[in-house]
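I opened a notebook page for this structure and wrote down each thing I looked up. The entries follow the order in which I went through them.

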Amino acid sequence: MGGDHHHEAKKYDLAYYLKGALAGGICCSVTHGALCPVDVVKTRMQLDPAKYNSGMVGGFKKVIAEEGMGALATGLGPTAVGYFVQGWFKFGGVEFFKINMAAYFGDEKAWAYRTIIYLVAAACAEFIADIFLCPLEATRIRLVSNPSYANGLLTAFPKIIKDDGVLKGFYSGFGPILFKQVPYTMAKFAVQGWAQEVIAKATGTDMKTASDGRKTAIALGSGTVAGVAAAIISHPADTLLSKINKSPTAGGTGSIMSRLVNLAKETGLKKLCLTGLGARCIMIGTLTAGQFAIFDVTMKFTGAEKFHFHEPQKH
């Protein structure tokens, strides 16, 4: 019953998962690092919509005019480090959970349940990744919203511990990060898997034998679709996350959940879902397309053959 996937689980050993984790770290670090200026402007638009009210391009102009080009790289250190760590656990974790669940179910069930496998693998991997990302994301938002707080990751980290303690300083946003990242990652991997299948079928491509160029093109196309879907799903939580990290009293002084509810009421559903959504769709669409393409290229470079679900009757 286990068929191919049992053999494949043996083929996918620790070395494969480490290559997957490395490729994930590189693809997330490079893409998030490159989009750091967009993220700086997006975070400012979410935190101070009255001042940054002229869209993305206007936001760029305002930041450069007031603070110079250097301001666009605010938080680049924690961004690059944070997303390398997160990408390591996220992509490495998705490969690990996906392959082992596929082996457990065997060929036919794994193919039938592939969307559920994507969703569960992504949720498990993201939860683990967020434990490591959360302190770095809290530091980045602190630096972007208050550039004079510290001059980088290494000085900000101990200062936050001294001022607020580890839990309050670094993990105030853990609930919101899970609330944003877990649905985002589940959508990202499940939609990318679905879009890849649709594109491959429409173009008559077999992912096992396709050329590298064809695979990269499919990764870019399916990644863009997945990114836009994931951006729309997780946008309200992204806006709340920026707001709750803005100050220790944002949304009141109660528990994190009560502060989130207060902030959501203050902001209103329409604003939560739509403020800055266009910019975020462009950003996450580009980002996700880049991630899946860089992931595939890096895996190829390390000599690893990427796991794909396949229809049992075709083999």
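In which helix is the place of Lys98? I found Lys98 in helix 5, which covers residues 76-105, and I noted that the model I am reading is a predicted one.

**Entry on Lys98.** Leaving aside the neighbours within four places in sequence, I listed Ile117, Tyr118, Ala121, Phe307 and Phe309 as the residues in contact with Lys98.

**Entry on aromatic rings.** I searched the whole structure for aromatic pairs, and the search gave 18 of them. One of these is the pair of Phe96 and Phe97, which is edge-to-face, with 5.4 Å from centre to centre and 75° between the planes. I then checked the accessibility of both residues: Phe96 is partly exposed at a relative accessible area of 36%, and Phe97 also counts as partly exposed, at 22%. Phe96 and Phe97 belong to one aromatic cluster, together with Tyr12, Tyr16, Tyr17, Tyr118, Phe307 and Phe309. Going back to my entry on Lys98, I saw that Tyr118, Phe307 and Phe309 are among the residues that Lys98 contacts.

**Entry on charges over rings.** Which ring has the charged end of Arg114 over it? I found that this is the ring of Trp111, and the charged end of Arg114 sits 3.8 Å from the centre of that ring. I noted a further case in Lys159, which lies over the face of Tyr149 at 4.3 Å from the ring centre.

**Entry on Cys27.** I placed Cys27 in helix 2, which is made of residues 14-34. Is Cys27 buried or exposed? Cys27 is buried, since its relative accessible area is 0%. Not counting residues up to four places away in sequence, I recorded that Cys27 touches Phe91, Gln291, Ile294 and Phe295. I also compared positions along the chain with positions in space, and Cys27 and Leu287 are 260 residues apart in sequence but 9.3 Å apart from C-alpha to C-alpha.

**Entry on Asp107.** I found Asp107 in helix 6, residues 107-112, and this residue counts as buried at 10% relative accessibility. Leu272 is 165 residues away from Asp107 along the chain, and I noted 42 Å between their C-alpha atoms.

**Entry on Phe60.** Phe60 lies in helix 4, residues 55-67, and counts as partly exposed at 22% relative accessibility. Setting aside residues up to four places away in sequence, I listed its contacts as Pro37, Val38, Val41 and Leu72. For Pro37, which is 23 residues from Phe60 along the chain, the C-alpha separation is 8.3 Å.

**Entry on two packed helices.** I looked up helix 3 (residues 36-47) and helix 11 (residues 212-244), which pack at an angle of about 80° with their axes 9 Å apart. Helix 3 is therefore roughly perpendicular to helix 11. I wrote down Lys42, Thr43, Gln46 and Leu47 as the residues that helix 3 brings to the contact, and His235, Asp238, Thr239, Ser242 and Lys243 as those of helix 11. Sorted by class, this contact has one nonpolar, five polar and three charged residues.

Notes: Residues numbered from 1 in each chain as written. Predicted model: local features only at pLDDT ≥ 70, side-chain atom pairs only at ≥ 80, totals over all residues. Heavy atoms only, no water. Axes fitted to C-alpha atoms, helices over the stretch in contact; angles between N-to-C directions. Helix = DSSP H or I, 4+ residues; strand = E, 2+ residues; numbered from the N terminus. Parallel < 35°, antiparallel > 145°, perpendicular 65-115°, else oblique. Contact = heavy atoms within 4.5 Å. Nonpolar A, V, L, I, M, F, W, Y, C, P; charged D, E, K, R; others polar. Phe/Tyr/Trp six-rings, centres within 6.5 Å; stacked < 30°, edge-to-face > 60°. Buried < 20%, exposed > 50% of the residue type's maximum accessible area, 1.4 Å probe, protein only. Lys NZ or Arg CZ within 6 Å of the ring centre and 35° of its normal.
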